[in-house]
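Subject: Structure handover

Hi,

Here is the structure for you to look over. My notes on what turned up follow below it.

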Amino acid sequence: QVQLVESGGGLVQAGGSLRLSCAASGRTFSSSTMGWFRQAPGKDREFVASISWSNGNKIYADSVKGRFTISRDNAKNTVYLQMISLKPEDTAVYYCASRPVYSTRYDSWGQGTQVTVSS
């Protein structure tokens with residue numbers, strides 16, 4: 001099992017920035033990829049970004065490309081999501097997740113951290 005704890009959410013004005021952190025513990029050696037997802041009220045959970053632990057390959061959703069940056073610190077088992085030029089539509093609960101090397105799906109999830117962007 002991989003335990004994930006998000007932090008860094010909060011209230012910010014449109015155009016502002018915020019950095020989210022996700023600390024991983026437990027069976028981190030089995031984790032291949034870390035991803036960020038978000039869910040706004042009344043909407044489905046959507047993919048935001050992902051990064052590979054091994055080679056650092058990154059994938060971004062079109063909605064955040066150019067504004068969000070995902071990164072990782074392997075020594076700290078921590079993944080970050082730097083968000084700039086925030087928009088009200090970025091308001092959501094943000095979750096980090098882990099995908100094991102042997103699976104095509106994410107199977108470990110954090111508790112989520114609230115990001116609210118005021119207009």
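The place to start is the nonpolar core. In this predicted model, the largest such core has 28 residues. Trp 36, Val 48, Phe 68, Ile 70, Leu 81, Met 83 and Tyr 94 have the most contacts inside it. Several strands give two or more residues each: strand 1 (2-7), strand 3 (18-26), strand 4 (31-39), strand 5 (46-52), strand 7 (68-73), strand 8 (78-83), strand 9 (92-100) and strand 11 (113-118). Strand 3 supplies the largest share, 4 residues. In soluble globular proteins, nonpolar side chains tend to be buried together.

Look at Met 83 in particular. Leaving aside residues up to four places away in sequence, Met 83 touches Gly 16, Ser 17, Leu 18, Leu 20, Arg 67, Phe 68, Tyr 94 and Val 115.

Now the overall fold. The chain has 11 strands and 0 helices. Its radius of gyration is 13 Å, close to the 14 Å that the globule rule gives for 119 residues, so the chain is as compact as a globular protein of that length. The C-alpha trace spans about 40 × 25 × 25 Å along its principal axes. Of the contacts with a separation of 6 or more, 52% join residues 24 or more positions apart.

Last, burial and surface. Of the 119 residues, 45% count as buried. The chain exposes about 6300 Å², and carbon and sulfur atoms supply 47% of that area. There are 13 positive and 8 negative side chains. The centres of the two sets lie 5 Å apart.

Best regards

How values were computed: Residues are numbered from 1 along each chain as its sequence is written. This is a predicted model: local features need pLDDT of at least 70, side-chain atom pairs count only at pLDDT 80 or more; totals for chains, interfaces and linings use all residues. Side-chain values use heavy atoms; hydrogens and water are left out. The radius of gyration is taken over C-alpha atoms; the globule rule is 2.2 Å times the number of residues to the power 0.38. Buried means under 20% relative accessible area, exposed over 50%, partly exposed in between (1.4 Å probe, protein chains only). Contact means heavy atoms within 4.5 Å. Accessible areas come from the Shrake-Rupley method with a 1.4 Å probe; for residues, only the protein chains shown count as cover. Lys and Arg count as positive and Asp and Glu as negative; His and the chain ends are not counted. The place of a charge is taken as NZ of Lys, CZ of Arg, CG of Asp or CD of Glu. A nonpolar core is a set of buried Ala, Val, Leu, Ile, Met, Phe, Trp, Tyr and Cys residues joined through side-chain atoms within 4.5 Å.
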